[in-house]
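My entries follow the structure.

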Amino acid sequence: MTHPESPVQPARDQEIAQFRAILRSNDRGGYAVPSSRLYPFQWNWDAAINAVGWQTFDEDRAWQEVESLLAGQWDNGMVPSIVFHKPAQSYFPGPQEWGCDDRQPPTTSISQPPVLATMVRRMRARSVDPAVDARLAPIVARLVRWHRWWHRDRDPLHTGLVVTYHPWETGSDNSPAWDEPLKAVPPTARAYQRRDTGVVDGSMRPHKAEYDRFVYLVDFFRDCGFDARKIYDGSPFRIVDFALNAILLRADADLAVLCDDLGMRDEAGELRACHARSLAAIDSLWCDALGRHVSLDTRNGRRLEQHTHAAYLAWYANLFQRAGGTARSAALQGGLEDLLQSTRFGLASTHPRDPGFDPRRYWRGSVWPHINWLVAEGLSEQGLPVAARRLRDDTLALVRAAGPFEYFSPDSGEGLGGPDFSWTASIALILLAGSGSGVSQGAACA
Ligand code: 2M8
């Protein structure tokens with residue numbers, strides 16, 4: 001702990017002030033945009049991370065971030081990937097392309113990795129508001145409806161694993177893991193105008209071939225009238241993303257505890273049943289030969305074996321609690337060590353040995369601060385503090401040297417993508433406030 005009069009303290013205070021100022025400048029009134037020109041709306045998992053960032057200095061504003069996101073929830077429970085609270089021209093595709101411009105507020109028709117319940121549990125544990133549970137009750141009720149939507153609409157055959165229909169829904173949009181399944185998606189035949197490459201250099205963004213397919217899928221969902229069964233049966237892209245399923249598993253356990261705490265016993269039981277089924281099912285994604293879990297293309301049963309950051313979320317999801325878990329955790333630690341040693345800064349989102357690796361192009365190799373933090377949280381919780389420390393230290397080193405960019409080159413440390421990025425500032429605030437989740441996984445999954 002730093003002594004109050006130590007010369008380090010003013011520098012730290014200055015840093016904290018800088019990161020707070022980024023959140024404040026990206027605040028559009030109850031929600032923060034990820035980066036003002038590149039992403040001028042509220043994104044789902046960004047909002048969850050930003051809420052934790054806000055809570056380091058403004059708890060009321062933190063809960064507003066959550067409430068604003070949940071205001072976009074659909075009647076079927078889905079919490080969309082983007083809530084278009086106010087119009088802005090600098091982003092494509094907007095609410096009209098999604099076919100959701102008549103909703104209030106307008107949204108997309110897909111979701112994003114459900115980290116929110118885990119973040120809300122953490123926020124409750126750190127709350128200084130004596131009336132927090134009154135504020136939480138409607139939030140938790142909405143979270144329960146969202147999780148039900150995942151298990152019902154995205155797992156209609158009750159396999160225990162949820163599917164996703166769009167790379168944007170995974171959050172790791174152009175990961176090499178999606179290259180193969182994306183080949184089954186026809187490129188759109190219609191003209192469209194990208195906006196992202198007008199804001200950041202095209203070498204840091206997905207290729208046109210990927211966007212042609214991203215747009216095809218957006219149109220396909222709209223043309224299906226957002227009918228859950230039609231989309232499940234007909235979507236040319238239908239994958240089980242290991243990262244998203246691991247995040248949901250963890251979030252189900254955390255939401256069950258929140259339900260217990262608020263006296264929602266039936267909901268807690270329902271979530272624990274989902275959790276138990278998913279925990280058994282996710283085992284099928286483990287690959288002994290690789291020593292890690294992989295994703296799955298459910299259209300053809302093929303495993304998506306690219307070495308990406310996703311596998312390292314297994315600790316965060318507490319997947320090694322069962323028989324044989326210790327050996328698997330050791331195998332995964334070997335993979336992590338190898339990935340960390342392969343670049344100057346960890347955690348590269350794709351291993352440099354993977355043919356799809358590109359250190360500057362978005363999810364094909366760059367380091368993402370929020371992924372580092374989630375992985376580090378899992379490592380700490382599972383008693384692996386050395387690797388956790390390495391990830392936290394690398395993250396702060398990158399942000400300090402290059403500034404709070406969207407992502408970073410794992411080789412040069414160059415800041416890439418959007419500048420003054422909200423969740424990067426949030427992660428820096430969280431790391432500077434001290435590590436540890438304040439959440440015990442053992443209690444969650446008991
Ligand atoms: C990126 O995704 C959006 C689409 O949702 C885009 O590229 O236009 C991803 O990095 C995603 O994970 C993130 O939530 C979003 C906003 O930061 O940007």
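Entry 1. I began with polar contacts, taken as pairs of N or O atoms within 3.5 Å. A side-chain N or O atom of Tyr39 is 3.3 Å from an oxygen atom of the ligand. For Trp43, the distance from a side-chain N or O atom to a ligand oxygen is 2.9 Å. I then looked up the cover: the ligand taken alone exposes 420 Å², and the protein buries 99% of that (Shrake-Rupley method, 1.4 Å probe).

Entry 2. I noted the ground rules. The model is predicted, with local features needing pLDDT of at least 70 and side-chain atom pairs pLDDT 80 or more, while totals for chains, interfaces and linings use all residues. Residues are numbered from 1 along each chain as its sequence is written, and side-chain values use heavy atoms, without hydrogens and water.

Entry 3. Where does the ligand sit? I found it in the largest cavity, with more than half of its atoms within 2 Å of the grid points. A cavity is a set of points on a 1 Å grid, over the protein atoms alone, where a 1.4 Å probe fits but cannot get out. The largest cavity holds about 240 Å³ of space. Its lining has 22 residues, and Tyr39, Trp43, Gln112, Asp173 and Tyr362 are the closest to its centre.

Notes: Polar contact = N/O pair within 3.5 Å; in protein donor to acceptor, adjacent residues only side chain to side chain. 1 Å grid on protein atoms, 1.4 Å probe; cavity = no way out; pocket = protein on both sides within 12 Å on 5 of 7 lines; lining within 4 Å. Points joined across faces, edges and corners; volume = space filled by probe spheres on them.
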